[in-house]
Amino acid sequence: MFAPFKRLVAMEITNTMDAKRSTKSRIIVYQPVTPACNKTLKRKWDDQTFNKHRERVNNARSLIDNKAPRIYFPMNLKKAQAEEQDKAKIDKNNRMMLEKIAHIMKTKGGVDDWNKDYQNNKLTCSTFHQTYRQQQLDRINNDNKILIKRLQSVKPYYNRTEWLNHHLKHLKHSTYISQFHPKSKTSPLPLLKTL
């Protein structure tokens, strides 16, 4: 909401006191926006509200925040310290890599494919791992042999011959009970003799 602005109206008043001599003079007359009984007081009040309005406009804050962002300190100092150490480690590795690249550029780079320490370490490490793996493989094979012996020594719970005898007996009874006897040339009974 803004205050009403003062309105100045220039009026030309013709002074007709002297009929022979007509002089024109400019007088600035205050014309209030809202009706008032006393124009002098109304002008004073309007000036005050206008000045307050101008002061508010001058002191208004901008809607766009274009200040530098705030710096927040981390709450977890341990995490910040770990991040700083990681950055320092990365910087150190980068510096070492730059030194190596600079050395290669100065010396035109050379390939040395022999490193006795590496070869010795490689042999000792590989033999150690190879013996460990061989021990593990032997242990697994022994466990498997023991398991196979146990499985072979156990007698089966189900008997196939009993199942077959039961099935044949069932077929025999079903042929006796059925209304239409199947005409088959072979009977199920000879199967017992083959087993």
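A contact means heavy atoms within 4.5 Å. This is a predicted model: local features need pLDDT of at least 70, side-chain atom pairs count only at pLDDT 80 or more, and totals for chains, interfaces and linings use all residues. Residues are numbered from 1 along each chain as its sequence is written, and side-chain values use heavy atoms, leaving out hydrogens and water.

**Overall make-up**
- The chain has five helices and two strands. Helices (H or I, at least four residues) and strands (E, at least two) are DSSP runs, numbered from the N terminus.
- Read from the N terminus, the order of elements is β-β-α-α-α-α-α.
- Of the 195 residues in the chain, 4% are buried. Buried means under 20% relative accessible area, exposed over 50%, and partly exposed in between (1.4 Å probe, protein chains only).
- The chain exposes about 20300 Å², and 58% of this comes from carbon and sulfur atoms. Areas come from the Shrake-Rupley method with a 1.4 Å probe; for residues, only the protein chains shown count as cover.
- Take contacts between residues at least 6 apart in sequence: 29% of them join residues at least 24 apart.

**Confidence**
- Mean pLDDT for the chain is 77, and 67% of its residues reach 70 or more. pLDDT is the predictor's confidence in each residue, from 0 to 100.
- Confidence is lowest in strand 1 (residues 8-15), with a mean of 42, and highest in helix 1, at 92.
- Residues 1-20 have pLDDT below 50; this stretch has 38 contacts in the model beyond near neighbours in sequence.
- Residues 190-195 also stay under 50. The model has four contacts for them beyond four places in sequence.

**Helix 1**
- Helix 1 covers residues 39-58, 20 residues in total. It reaches 28 Å from first C-alpha to last, close to the 28 Å expected at 1.5 Å a residue. The expected span is 1.5 Å times one less than the number of residues.
- K42, D46 and H53 are buried in helix 1. They lie on the same side of helix 1 because they cover an arc of only 30 degrees around the axis. The arc is that of the directions from the helix axis to the C-beta atoms.
- T40, K52, E55 and N58 are exposed on the other side of helix 1.
- At the start of helix 1, a side-chain oxygen of N38 comes to within 3.2 Å of the backbone nitrogen of T40.

**K42**
- K42 belongs to helix 1.
- Its relative accessible area is 14%, so K42 is buried.
- Leaving aside residues up to four places away in sequence, K42 touches Y30, P32, T34 and A36.

Note on methods
A polar contact is a pair of N or O atoms within 3.5 Å; within protein, one must be able to donate a hydrogen and the other to accept it, and residues adjacent in sequence count only if both atoms are side-chain atoms.
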